[in-house]
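Here is a quick walk through a protein model for anyone who would rather start with the fold than with a coordinate file.

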Amino acid sequence: PDASAMLLDVKADNRAYEVAVEDIVQELKLQHAQAIAREKFGEQGARIFRLLIAKKRLEEKQITEMGIMPKKQTRELLHKMMRAGMTHVQDIPKDSQRRPNRMMHLWTVTFTKVCKTLMDSFYFTWVNLSIRTEKEAVPMKPVLDKANHAIPWTPSEKESVERWTKANIRLRNSMMKVGMLIQLFRDFE
């Protein structure tokens, strides 16, 4: 049995089941990373990401052939993904002179680096959502204070409170979703 697996003992029929928790967490992270690649780079970007995860290292030509995509589009996507921290390229010389035209360029996804890039993005998003939540609450403070002092709202104030409440709920729900991603990527390294 794998040391990373957790054993669950089911007493009803005296069977033990082994659950590979670390594998499940890795798969969850991978699924989220693929979804983000799809969102940022489209279906072809997600295809490239999956190919590089599965095959480890590929040349641009191999990615073009396996991904069934035009060469120009493949090159553009690889470079966009590299700028976003989702892929990187390793230059391997074919001879001892290290000339640029005699190099093999292998593209790869280093998943730990992708996770770190995503974590930075998640933190940035969470902070922005938090700032926006606070900023949108400032103009509502006088109106909300009226309710604390049993002063009735005007119809326009009531409407603005309802709009603010809906927006605040959406912002806080988004913060919770991003917080869960932070927890997944940070707490299960």
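Predicted model: local features only at pLDDT ≥ 70, side-chain atom pairs only at ≥ 80, totals over all residues.

Let's begin with the strands. Three of them make an open sheet, ordered S3-S5-S4, and the pairing is antiparallel. S3 and S4 sit at the edges, each pairing on one side only. On average, neighbouring strands here are turned by 40° against each other, direction ignored. As a general point, strands of a sheet pair through backbone hydrogen bonds, in either a parallel or an antiparallel way.

Here are the strands with their residue ranges:

| Strand | Residues |
|---|---|
| S3 | 57-59 |
| S4 | 88-93 |
| S5 | 103-108 |

Between S3 and S5 there are three bridges, in the antiparallel sense.

Nonpolar side chains in soluble globular proteins tend to be buried together. In this model, the largest nonpolar core has 34 residues, and Phe49 and Phe122 have the most contacts inside it. Helices H1, H3 (71-83), H4 (111-137) and H6 (155-187) each supply at least two residues of this core. Which helix gives the most to it? That's H1, with eleven residues.

Phe49 is worth a click. Setting aside neighbours within four places in sequence, Phe49 is in contact with Leu30, Ala33, Gln34, Ala37, Met81, Met86, Val109, Phe111 and Val114.

**H1 against H6**

Two packed helices are described by the angle between their axes and the distance between the axes. For H1 and H6, the angle is about 130° and the axes are 10 Å apart. That makes H1 oblique to H6, since angles over 145 degrees would be needed to count as roughly antiparallel. H1 passes H6 in a left-handed crossing. On the H1 side, the contact is made by Val25, Leu28, Lys29 and His32. H6 brings Leu181, Leu184 and Phe185 to this contact.

Finally, look at Arg83, which is in helix H3. Is Arg83 buried or exposed? Arg83 has a relative accessible area of 66%, and exposed means over 50%, so this residue counts as exposed. The C-alpha atoms of Arg83 and Val19 are separated by 37 Å, with the two residues 64 apart along the chain.

Terms used
Residues numbered from 1 in each chain as written. Heavy atoms only, no water. Pairing = 2+ DSSP bridges. Helix = DSSP H or I, 4+ residues; strand = E, 2+ residues; numbered from the N terminus. Axes fitted to C-alpha atoms, helices over the stretch in contact; angles between N-to-C directions. Core = buried A, V, L, I, M, F, W, Y, C linked by side-chain atoms within 4.5 Å. Buried < 20%, exposed > 50% of the residue type's maximum accessible area, 1.4 Å probe, protein only. Contact = heavy atoms within 4.5 Å. Parallel < 35°, antiparallel > 145°, perpendicular 65-115°, else oblique. Left-handed = near helix turned anticlockwise from the far one by under 90°.
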